[in-house]
Structure formats: structure tokens, C-alpha cells
Amino acid sequence: MEARTRRLRSNEALRRLSRETRVSADSLIYPLFVRQGSGIEEALATFPGQFRYSPDTVVRGVDEALQAGVRSFILFGIPEDKDDQGCGAYDHNGVVQQALRQLRAGFGDDVYLITDVCLCEYTSHGHCGLIVDGRVDNDSTLPLLAATALSHVQAGADMVAPSGMMDKTVAALRTALDANGHIDTPVMSYAAKYSSAFYGPFRVAADSTPQFGDRRSYQMDYHNQKEALKRIQADLEEGADIIIVKPALAYLDIIAKAAEQVLAPIAAYSVGGEYAMIKAAAAAGMVDEYAILCESAVSIYRAGADILISYFAKELAGAIRKGDIG
């Protein structure tokens, strides 16, 4: 046994051949921010190396990722105008809908397009649902989320990903999609989305910081593990095809537990705070950025994730191509 272990460690080709955890570029999803307007390619201070595009320039971001080996994308929209109903989310000519049509026309089936379905980027108050009597109202929000998902699919989305954590969202989306002939369109649900400080950079990039209160009433308490499993099971029963655990690194135990208990594919979202910490530490000369991003990604897959949503998707695809983490 000891001699065999030494042989595995000492032989690079054999070490790669016998790896327990396998990572494929096909399992990577790259997030993209699209804002209303034209000719926009705006570098993000909170996301070094990431950009906000407009519908006409997002093709550049997608093309660059395709060249790196990534073909799946999740789009987040940033409208010019916001209101208390989040009307831009389900507008036929909304920013995400425009981007979808541009990308589908430019790349056809060479790209797999996923959309975030939530109101927080579109509401003037920054919450994920409608506000009634000073509180987020779950039930009145559901029809608007369903309308958003349907408009995205009609514009060219391959899959929708509801992120607002409203109860019964998956059922509402599934019903609307099926009723309109989109029975084969999958739903990837943010089933275990924790109330987390790791979202800070994203909220700046997406201009979706709540204008009052916080999201703890509908996102999950990070003390809880069983609640995540309960929510995952509920979403699967409502028709979710894939479930998301978000964030990733601080919630590897949730990924592992979910992998043990459910048969559906599990996606982990390595969020903005995780990305920003690695970038900041590397910029300060404290860590090797490439080594850290590779090790972190493998830990997520090793915990049980099948899919990784990551701002490092392009770099990870390169590492896979070189055999460093493949």
C-alpha cells in the first residue's frame, strides 16, 4: 500500500490519471453583467478583471470566454430606470432580453445562455420582491418572476435561474413555462442561498444593494444546515432540474450534504467576495493567485458540486486545458 501511494505521488502522468476529482470546462458557468445602453465596456473596481457590458458589447465578453474554453453564461441585468414594481425585469425589450437576442444571433447554439430571474436589480428599493406594508410580499411577487422567466426564454435563454428565494418560485416558473410550450426549458434554482457578507462586490456591480433593511427575511441564516436541505427538497419537488448552493467556499458542508442526499445536479456559486479576496491577497503579494484559484475550485468539486459558477471561469478553463486541475 505504501509503495503504491509513493508511485502515485512520484509519477506526474499517473497522478493525473488517477485523480479522484475530475473537473471539466463544460461544467463552468461565467457570470456577465449587462447594463442598459450602448457601447459600454466598463471595468468594475470591485471585480478586478470583470466588466459591465451593454447588449451590443456583451458579445466581446462572451467571445473572449469562448476562446478560453467556456461556453455557458449567466446574465445579470442592470436597467437604466428602476421602479417599485421592477418592470424592467419582464419588459420584452429589457436589457437582458436585448442581450439574449444579440448573443443568440451572434453565436447560435455555440453558447448556453442562463438568466438570473429576480427583481432586485430592477426595483427602486433593491429588494427581491414587491414591498407591501413595508415588507417583502412573497405571493404578489411570484407572477412577476414567472413573467420574467417567460420573457427571457422567449428572447433566447436556454435555462432560467430564480435567485430571489421567494417560496413557491420554482412552481410558478415551471407552470408558466409549461403553459407556454417551454416544457423542456430547465430551471436551476438558488435553493440554498444564504444571507451572506460575501455578496458585497456583486451588489455594487449589479447596483442592487437594498435601500432599506436587509434580505435576511427571505435568504437563509448561515447558522442553518437542515434548512438548506429542506429548501432543496422543496424546490426539486416543485420541478427544479438543478439546485444552487451559494456562496461556495464557506458552505462546502452544505454542498457535501446535498450531494449525499439528492440525485439532481448541484451547482456551486463562488461569489464576488470569494473572488475579490483572492484578487486582493494576490495583488498584495500574499498568495499565488493561480494556485489559490485552482485549489479553491477543486475543493468545491471535491465537496460534491457538479457545476461551478465562477468569475474565474476563464482562468479555470485554462488550468484544465494545461492539466493542472483537469
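Helices (H or I, at least four residues) and strands (E, at least two) are DSSP runs, numbered from the N terminus. The model shown is predicted, so local features need pLDDT of at least 70 and side-chain atom pairs count only at pLDDT 80 or more, while totals for chains, interfaces and linings use all residues. Residues are numbered from 1 along each chain as its sequence is written, and side-chain values use heavy atoms, with hydrogens and water left out.

**View 1. Gly156 in the loop between α5 and β8.** Gly156 sits in the loop that joins α5 (138-155) to β8 (159-162). Its relative accessibility is 16%, so Gly156 counts as buried; buried means under 20% relative accessible area, exposed over 50%, and partly exposed in between, for a 1.4 Å probe and protein chains only. With neighbours within four places in sequence left aside, Gly156 is in contact with Leu100, Arg104 and Leu113, where contact means heavy atoms within 4.5 Å. Gln102 is 54 residues away from Gly156 along the chain, and the C-alpha atoms of the two are separated by 9.3 Å.

View 2. Strand β11 covers residues 266-270, and five of its five residues are buried, so the strand is largely enclosed by the rest of the structure. In a regular strand the side chains alternate between the two faces of the sheet. On one side of β11 are Ile266, Ala268 and Ser270, on the other Ala267 and Tyr269, and all of these are buried. Two strands pair if DSSP finds at least two bridges between them. Strand β10 (residues 242-246) pairs with β11 in the parallel sense over three bridges, and Ile244 stands opposite Ala267. Between β10 and β11 the chain passes through helix α9 (residues 252-261), and this β-α-β crossover is right-handed: with the strands pointing away from the viewer, the path from the first strand over the helix to the second runs clockwise. Strand β12 (residues 307-310) also pairs with β11 in the parallel sense, over four bridges, with Leu308 of β12 opposite Ala268.

View 3. The whole structure holds three cavities of 30 Å³ or more. A cavity is a set of points on a 1 Å grid over the protein atoms alone where a 1.4 Å probe fits but cannot get out, and its lining residues have an atom within 4 Å of a point. Grid points are joined across faces, edges and corners, and a volume is the space filled by probe spheres set on the points. The second largest cavity holds about 100 Å³ of space. Its lining has 14 residues, of which Ser270, Ile278, Ser296, Ser310 and Phe312 lie nearest the centre. The elements that give two or more residues to this lining are α10 (272-283), α11 (289-303) and β12. The largest share, four residues, comes from α11.

**View 4. Helix α12 and its cover.** Seven of the ten residues of helix α12 (residues 313-322) are buried. They are Ala313, Lys314, Leu316, Ala317, Gly318, Ala319 and Ile320. Among the elements that cover them are β1 (28-35), α3, α11 and β12. Just after the helix, Gly323 takes a positive phi of about 90 degrees.

View 5. Thr57 belongs to the loop between β3 (47-53) and α3 (58-68). Its relative accessibility is 1%, so Thr57 counts as buried. Apart from neighbours within four places in sequence, Thr57 is in contact with Gly39 and Ile40. A polar atom of the Thr57 side chain lies 2.4 Å from the backbone oxygen of Ile40.

View 6. The buried residues of α6 are Thr169, Val170, Ala172, Leu173, Arg174, Ala176 and Leu177. These residues pack against β5, α5, β8, β9 and α8 (226-238). Just after α6, Gly181 takes a positive phi of about 85 degrees. Thr185 lies in the loop between α6 (169-179) and β9 (188-193), and Thr185 is buried at a relative accessible area of 10%. Beyond its neighbours within four places in sequence, Thr185 has contacts that include Arg174 and Leu177, as well as Val153, Asp158, Met159 and Asp241.

Notes: A polar contact is a pair of N or O atoms within 3.5 Å; within protein, one must be able to donate a hydrogen and the other to accept it, and residues adjacent in sequence count only if both atoms are side-chain atoms. On a 1 Å grid over the protein atoms alone, a cavity is a set of points where a 1.4 Å probe fits but cannot get out, and a pocket is an open set with protein on both sides within 12 Å along at least five of seven lines; lining residues have an atom within 4 Å of a point.
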